[in-house]
Amino acid sequence: MALDRQVRTARWRGLRRTGDWTLDLFLVALALLILTPFYWMLVNSLLPRAEAFSLPPVWIPSSITLDNYVEVFDTLPFVRLVLNSLKLTVIITAGALITSTLAAYAFARLQFPGRDLLFIILLSALMVPQQVTVIPTFILIRNLGLLDTHEAVYLPALINVFGTFLLRQFFLSIPRDLEDAARIDGAGHLRILWNVIVPLSAPALSALAIFIALAAWNEFFWANIFLTSPDKMTLPVGLVMLSGRFGTGSPVVTLAALSMLVVPLLILFAIAQRKITESVAMSGLKG
Amino acid sequence: MTVRSDIETTAPAGEARHGRASTLRRREARAGYLFLTPTAILFLVFIAGPLVGGIVLSLYSWDMFSSPEYIGIRNFERLMDDPQAIAAIRNTFVFTFWSVVLHLVPGLLLALAVNRAMARPLDYFLRTSYFFPMLVSWAAVALIWSYILDPNFGFITYYLKRLGFEDAPVFLIDPDWAMPAVIAVDFWKTIGFTFIILLAGLQGIPTQLYEAASVDGAGTLRRFWNITIPMLSPTLFFATVITFIGAFQIFEPMYIMTRGGPGDRTLTIVMHVYETGFRRFEMGYASALALVVFVVIMIVTLLQVRLSRYWVFHE
């Protein structure tokens with residue numbers, strides 16, 4: 001990464017002209033404009049009820065209060081929503097990583113009849129979005145008596161075709177010699193996978209984990225269809241259905257709840273930006 | 001996407017080792033099937049099964065309570081006459097078109113602008129700011145923006161009026177402005193993704209190419225057309241396809257901000273599937289609508305595989 005950056009700097013240094021400073025200024029202004037909605041959200045969530053949402057909007061508050069934040073816990077099952085979202089995110093991330101790793105190892109390292117055909121069939125599932133399978137799955141889940149349960153949300157998410165593909169490509173790039181020692185010692189395939197392949201794949205696995213966890217944490221479409229009681233809902237569904245556009249309560253309280261979601265995420269991202277953007281961009285590089 | 005096949009050449013098995021080798025091979029095959037079992041079961045139950053089920057269901061009329069009735073292709077005939085379905089299909093294509101154009105053109109300009117020599121903290125700040133909305137859930141983004149565009153306290157309409165646009169629209173309520181507003185919010189939320197992957201693509205272009213071109217006297221514009229664009233074509237192509245597929249399934253911003261209104265102006269196919277299936281419980285018709293999404297995405301994906309051979313420059 002560092003080398004990459006030096007090369008890039010060297011490449012463009014000769015091209016820098018005075019006009020570049022205005023471009024930098026423009027880029028910074030654009031960045032601030034992009035962040036403005038979040039800033040507006042935060043400021044209004046901290047204002048006393050009477051001052052929030054006033055026009056012209058308040059950009060620099062003269063007095064702030066945490067009343068709206070206190071009210072979040074009174075009017076919404078906020079803690080429950082957070083716990084539900086955390087639970088589902090952990091189960092989906094861990095589960096999908098395990099199934100993807102096992103399948104990727106089989107496709108990358110093991111010989112068995114029909115392997116390449118099975119891989120193509122699995123890849124074709126990338127063309128089938130959830131929005132297409134949701135109706136038959138809804139009927140299936142209803143017949144299993146699993147409507148309004150967390151199983152309905154996490155079970156279908158335990159398969160990750162894209163993740164399987166990505167890990168397979170990564171495993172193929174690991175030299176086979178590294179496994180030979182383990183193989184000579186008579187280690188089984190599970191041992192080789194766990195002791196050799198997984199440690200060597202830490203960058204790919206952690207990137208995929210971030211990718212899956214973010215998607216699970218933010219997921220709305222599926223959870224909104226399958227979870228109907230407030231104590232089962234995830235954060236995105238709960239905020240929209242209970243407080244936001246469809247629920248009751250003051251918009252200021254919704255903004256306070258949103259701030260509690262967005263601000264920690266922004267701090268986390270400001271620290272770990274490179275790892276997170278790499279894990280999302282990875283899909284673009286490998287495609 | 002290339003599927004690499006790495007079939008091992010089996011070592012010539014000597015007479016004595018033959019038995020042991022075949023035992024090992026059998027064990028390896030057993031491990032292979034075992035490792036694939038969780039994925040295979042999930043694939044059958046949650047992808048292949050529902051896909052086939054959806055195709056079958058599209059030939060039936062079923063409200064989930066009475067018994068299903070076979071009606072052949074009547075659901076598809078109905079689709080052609082359903083003004084809501086036609087509006088939804090048109091809206092989805094309009095949204096997708098603008099989504100692709102806006103993500104690629106400004107996305108590339110932004111990536112080019114940031115891909116210059118600049119102070120590291122500045123580079124870090126720009127990447128962080130441009131990408132951040134991508135990480136926030138659609139639920140949160142749509143809620144924030146529905147307040148920002150609110151008829152009573154939305155500040156964008158307010159500032160437009162202050163700037164002299166007296167008849168500034170109330171975006172989410174105005175029939176002509178609801179869709180542009182949703183397109184703009186989607187652009188704001190997801191431009192970071194295109195930006196980041198195009199930036200990564202730009203940084204993967206070998207410096208020597210630019211140096212050689214400069215020595216040959218090629219100007220900035222020539223270098224852009226003859227080096228940057230061809231070298232970036234795999235990434236550009238991927239970004240186009242990913243943006244298309246994502247936009248074609250758009251649901252959340254409309255569902256949360258406009259409910260498909262005003263007057264179906266922002267109704268999309270997936271929203272129509274949702275309303276038909278989970279509000280009106282017309283499971284057969286909803287399945288037929290969902291198949292439209294599937295067929296379009298399948299065509300685009302297969303086109304991607306075909307066309308990338310012609311369009312995309314590979315070394």
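Arg78(B) is partly exposed, at 34% relative accessibility (buried means under 20% relative accessible area, exposed over 50%, partly exposed in between; 1.4 Å probe, protein chains only). This is a predicted model: local features need pLDDT of at least 70, side-chain atom pairs count only at pLDDT 80 or more, and totals for chains, interfaces and linings use all residues. Residues are numbered from 1 along each chain as its sequence is written, chains are lettered from A and ligands numbered from 1 in the order written, and side-chain values use heavy atoms, without hydrogens and water.

**Chain B salt bridge**
- Arg78(B) pairs with Glu282(B), with the closest N and O atoms 2.7 Å apart (salt bridge: a side-chain nitrogen of Lys or Arg within 4 Å of a carboxyl oxygen of Asp or Glu).
- Arg78(B) sits in helix H2 and Glu282(B) in the loop between helices H11 and H12 of chain B, 204 residues apart (helices are DSSP runs of H or I, at least four residues, numbered from the N terminus).
- Glu282(B) is partly exposed too, at 23%.

**Chain A network**
- Salt bridges link Arg109(A), Glu179(A), Asp180(A) and Arg183(A) in a network.
- Glu179(A) meets Arg109(A) at 2.6 Å, N to O.
- That pair ties together helices H9 and H4 of chain A, because Glu179(A) lies in H9 and Arg109(A) in H4.
- Glu179(A) is buried at 0%, and Arg109(A) is buried at 4%.
- Glu179(A) also bridges to Arg183(A) at 2.9 Å.
- Arg183(A) is partly exposed at 36%.

**Confidence**
- The model scores ipTM 0.87 and pTM 0.88.
- Chain B averages a pLDDT of 87 (the predictor's confidence in each residue, from 0 to 100).

Technical notes. Helices (H or I, at least four residues) and strands (E, at least two) are DSSP runs, numbered from the N terminus.
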